[in-house]
Amino acid sequence: MSADRPGADRPSGDPALGPPLAVPRWLVSGEPGWTTSADVVVVGSGIAGLTTALRLRQRVDRVLLVTKTVLSEGSTQWAQGGIAAALDPADSPQEHLHDTLVAGCGICDVPAVTALVHEGPERVRELVALGAEFDLDEEGELRLTREGGHHRDRIAHAGGDATGKEISRALIAALHAVQDDPGIEVIEHALVVDLLQDVDERVCGVTLHVIGEGQIDGVGAALARAVVLATGGLGQVYSATTNPSVATGDGLAAALRAGAVLTDVEFVQFHPTVLWLGEGSSGQQPLISEAVRGEGAFLVDRDGVRFMQGRHPLADLAPRDVVSRAIVDRMHETGEQHVFLDARHLGREFLEQRFPSIVARCRELGFDPAVDLLPVAPAQHYASGGVRTDLEGRSSLDGLYACGEVSCTGVHGANRLASNSLLEGLVFAHRIADDISARLAAGELPPVEPAPAPAGTALLDGSARVQVQAAMTAGAGAVRSAGSLAQTAATLVELAAAATSEEPGPESWETTNLLHVGQVLTLAATLREETRGGHVRSDHPELVDPDWRGHTHLVRGADGTVTTSFEPVPEQDLA
């Protein structure tokens, strides 16, 4: 590896990275036809956005919550496994921290993980007090289970396998309880197009498109003293994902265009056990929760061989990157497009009680976990990187915060530990709300006017989405190489060159966002010449090269060119 690789700023035009990558500042959206204002705009209605908005309203005068479809359509409702926290007296935050660091393959930020595991138990108890109904044992205590990478039973769940849905229900109910409060407003069916900034580049609002609701219709501007992005993931950049259709990376793309630092976007987690529905199946795919393996299910190949045995000390409950890589290897060895998950020995009664949603969905699709081997293969599941934030959720741009999957707090490192995602959204939502409240009270975030926005850049036609997804899946998917990434980058450049000044709208905005996200993800993946966690390079199969123990940063400069840099992380004791 070349000596100039880590440690110095590198323009994307470095010969090793291909032609320079330029990203526009604005999307074509037209002049805002209406304006509203609040102290804080929160974008997104998953656990991160709802928690932030509810806690902020206790401390500030006016909060505006905008969500892309309706309140219940975010990624949180799809979380099957649960929420991880050291709630058992036999467990400890220190053990949770250790498991998180091991899963993150040496590049988690220890202070961020420390905050997560120490504050997490109290935040989960607050969710219970708010009304979230978790599954209980015979003594009335939280029923805890185990998932991949955890050495203790520390996963709280609800409805068997409907934890996210229950948490979302409880938070939305709390929001509805205060919906008559003039200090909090919700706008549904609102797609954020771009971030607004003043002359000093401080973020002071968003432009958003609202689909015909009364007088608020079309493109408008929501001005605020602070903006919180809680927009979820980027799964729709790939052909197959467990993410809902709304996960088109809108918040990440808007932050990129505004000049926020993005970190570790190459670390995309592919969930190992996604139900395989046949060649060519695309869009949101059915997830078979890791909790099924936590209860004793195991993986086998076409010959019935339990191939995780001897692969890792935790076997079928190894961290997700290990299991996904093992599945890909076994598929390559056998020439099959999937392996199998065997849960038959768990019994019909147990499966229906513990995993009612999964069993029902499998049966809808023609599989019965009680009698059938379930065909499974890895599919995109979670983005471990995102908008770089500090411990208070602040991005590199003043006035802009990020929370949940769109952010990179440093908690996940190279690979998220199972069920840490809901906890991260919960813990850092509290931190963000407290920080914004304190700064507003101290006069640190006074109202400012947005600078005039020039005309936006051409958009991709919505029909190009499948081409973006195909290129990303083929070259920047679960397994990558310099050659495959170069081909993906070239394809995306060709698509960008074909963009037109067509009439703007949600499909073209989403597709252009996927293009921009795909371009920076491909760039970061090209830069990292090693295999670590969720990042698998077939041309660099050696695991965790010590020269790459650190974070990759990307930022769009004033001229539009994306520059990369590398930040080393202190060595961690993962023994």
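Strand β4 is joined to strand β6 (residues 155-156) by 2 bridges, and the two run antiparallel. Strands are DSSP runs of E, at least two residues long, and helices are runs of H or I of at least four, numbered from the N terminus. Two strands pair if DSSP finds at least two bridges between them. The model is predicted, with local features needing pLDDT of at least 70 and side-chain atom pairs pLDDT 80 or more, while totals for chains, interfaces and linings use all residues. Residues are numbered from 1 along each chain as its sequence is written, and side-chain values use heavy atoms, without hydrogens or water.

Within β6, I155 is the bridge partner of A84. The open sheet has 3 strands in the order β4-β6-β5, with antiparallel pairing. Its edge strands, β4 (83-84) and β5 (144-145), each pair on one side only.

The structure holds 3 cavities of 30 Å³ or more. A cavity is a set of points on a 1 Å grid over the protein atoms alone where a 1.4 Å probe fits but cannot get out; lining residues have an atom within 4 Å of a point. Volume is the space filled by probe spheres set on the points, which are joined across faces, edges and corners.

The largest cavity has about 110 Å³ of space. Its lining comprises 14 residues, with F270, D321, S324, A478 and V536 nearest the centre. Elements giving two or more residues to this lining are β13 (268-275) and α7 (320-334). Helix α7 gives the most, 5 residues.

The second largest cavity has about 50 Å³. Its lining includes I288, F355 and P369.

Conventions:
On a 1 Å grid over the protein atoms alone, a cavity is a set of points where a 1.4 Å probe fits but cannot get out, and a pocket is an open set with protein on both sides within 12 Å along at least five of seven lines; lining residues have an atom within 4 Å of a point.
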